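Good morning, everyone. Today I have one structure for you. Please take a look at it on the screen.

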Amino acid sequence: MKELNTSELLNKEMWFHPLDEFMVEQGYYSVLGDDDVISDIKQNKSVVYTDAMSNECKVKIDFDTVRNDGVDYTAEALIVS
């Protein structure tokens, strides 16, 4: 079973795009690419990552939005903490 180094994520403010890149580097599929994904993430205040090897949902990240650039903001404008 793979371990995720959560010290790089816990209680840190970061843009969503680098978070997604970090998860891809750890062996998970990117959640970016679907047009509605950012609005879903904003509404749910969480994101679920699927392991690229097993195709199983393995990691759920809950967060608070600390920057809101309006209804239609992009991943580049989504800062999570």
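First, a definition. A strand here is a DSSP run of E, at least two residues long, and strands are numbered from the N terminus. Keep that in mind for S46, which lies in strand β2, residues 46–50.

One caution. This is a predicted model. The mean pLDDT of the protein chain is 78. Of its residues, 74% reach 70 or more. Which element has the highest mean pLDDT? That is β2, with 91. Strand β5, residues 79–80, has the lowest, with 58.

Now the overall layout. The protein chain has two helices and five strands. Along the sequence, the pattern reads β-α-α-β-β-β-β. There are 81 residues, and 30% of them are buried. The chain exposes about 5,400 Å². Carbon and sulfur atoms supply 46% of that area. Take the contacts with a separation of 6 or more: residues 24 or more positions apart account for 43% of them.

Back to S46. Is S46 buried or exposed? Its relative accessibility is 11%. Buried means under 20%, so S46 counts as buried. What does S46 touch, leaving aside its neighbours within four places in sequence? It is in contact with I41, K60, I61, D62 and F63.

I41 takes us to helix α2, residues 37–44. Which residues of α2 are buried? They are V37, I38 and I41. These cover an arc of only 100 degrees around the axis, so they sit on the same side of α2. What covers them includes α1, residues 16–25, and β2. Just after α2 comes K45, with a positive phi of about 55 degrees.

Now look at their side chains. K60 and D62 meet in a salt bridge, at 3.7 Å, N to O. Why can side chains pair like this? Side chains of opposite charge can pair when their charged atoms come close. Both K60 and D62 are exposed.

How many salt bridges does a search of the whole structure find? It finds two. We have seen one of them, K60 with D62. E56 and K58 also meet in a salt bridge, at 3.4 Å, N to O. E56 has a relative accessible area of 44%, so it is partly exposed. K58 is partly exposed too, with 46%.

To recap: S46 is buried, and it lies in β2. Thank you.

Definitions and conventions: Residues are numbered from 1 along each chain as its sequence is written. This is a predicted model: local features need pLDDT of at least 70, side-chain atom pairs count only at pLDDT 80 or more; totals for chains, interfaces and linings use all residues. Side-chain values use heavy atoms; hydrogens and water are left out. Helices (H or I, at least four residues) and strands (E, at least two) are DSSP runs, numbered from the N terminus. Buried means under 20% relative accessible area, exposed over 50%, partly exposed in between (1.4 Å probe, protein chains only). Contact means heavy atoms within 4.5 Å. Accessible areas come from the Shrake-Rupley method with a 1.4 Å probe; for residues, only the protein chains shown count as cover. pLDDT is the predictor's confidence in each residue, from 0 to 100. The arc is that of the directions from the helix axis to the C-beta atoms. A salt bridge is a side-chain nitrogen of Lys or Arg within 4 Å of a carboxyl oxygen of Asp or Glu.
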